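Take a walk through the model below.

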Amino acid sequence: EKDVNYKSDVPVLWTHRNMPGMEIYFLTNQSEEEVNFEPSFRVSGMKPQLWNAVTGEIRSLNEYTEVNGRTSVPLKMEAHRSWFVVFTNNDENIGNGFEKNFPEFKQIQTVETEWTVDFQNKDIGPSAPVKFKSLSDWSLSDNEKIKFYSGTATYETSFELNNIPENEELFINLGNVGVMAKVRINGKDIGGTWIAPYRLKATEYLKKGTNNIEIEVVNLWRNQLIKDKKLPKKDRYTWHLVDDIREDEEPHSSGLIGPVT
């Protein structure tokens, strides 16, 4: 009898370890596509929990069925997503979860205001903050100081939020990011994100009316190396003994690409 059973075409790998009163399964989506499936685990008499290693969140998985000594749990995994599914009857200090294991997100607003972007390293980036009327990929910019910029930049804007649903969790979704971001809302750090979906819980930080948001983004250092490869050695900002930069290599997708919702 299989320890974990699901359709053969589901691109998920897993491993299992046990501890006293606890069965721990690690599952990982090996594909570029979202996967929705219902694995059956060789476990009975214990309740499933979802442990999120990226955010540290632990919550009950309330949607499950137990038949003939096995427990089936509907799961949703975005591209390259991994989950710990933990079976235990210890429910201290964990989130209550939801009626459905993965409730649908409802978008209530898109942030469409102008952004002020301050490129931290003035030696290689713009010397003064730049206004972005809409979010765009640095690597597509006509300004070489932005196109090849490597390092940190801080995005700032304010937006009005007039519709806050009651008794619902609120999240901020950064859309697409190249490559990592930290977020502050109304002066409070709410966390960082480095993997899709670029989404952070923001329930207790957002308020009705005007909200200020700062997003600190850092990209790959490679874009500056690409620029330096085109320059005489005396004009380069960086130096290295060995590199694999191609002469015709284009800069890599960078910055806050959005949309921010």
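How many salt bridges does the count come to? The count is 17 salt bridges, each being a side-chain nitrogen of Lys or Arg within 4 Å of a carboxyl oxygen of Asp or Glu. The model is predicted: local features need pLDDT of at least 70, side-chain atom pairs count only at pLDDT 80 or more, and totals for chains, interfaces and linings use all residues. Residues are numbered from 1 along each chain as its sequence is written, and side-chain values use heavy atoms, leaving out hydrogens and water.

Start with Glu249 and Arg222. Their closest N and O atoms are 2.7 Å apart. This pair links distant parts of the chain, 27 residues apart: Glu249 sits in the loop between α2 (222-229) and β21 (255-258), Arg222 in helix α2. Helices (H or I, at least four residues) and strands (E, at least two) are DSSP runs, numbered from the N terminus. Glu249 is buried, at 4% relative accessibility. Arg222 is partly exposed, at 23%. Buried means under 20% relative accessible area, exposed over 50%, partly exposed in between (1.4 Å probe, protein chains only).

Next comes Asp248, bridged to Arg246 at 3.6 Å between the closest N and O atoms. Asp248 is exposed, with a relative accessible area of 58%. Salt bridges that share partners also join Lys182, Arg184, Asp189, Glu214 and Glu216 into one network.

Finish at Thr28, in strand β3 (residues 22-29). Why does Thr28 count as buried? Because its relative accessible area is 16%.
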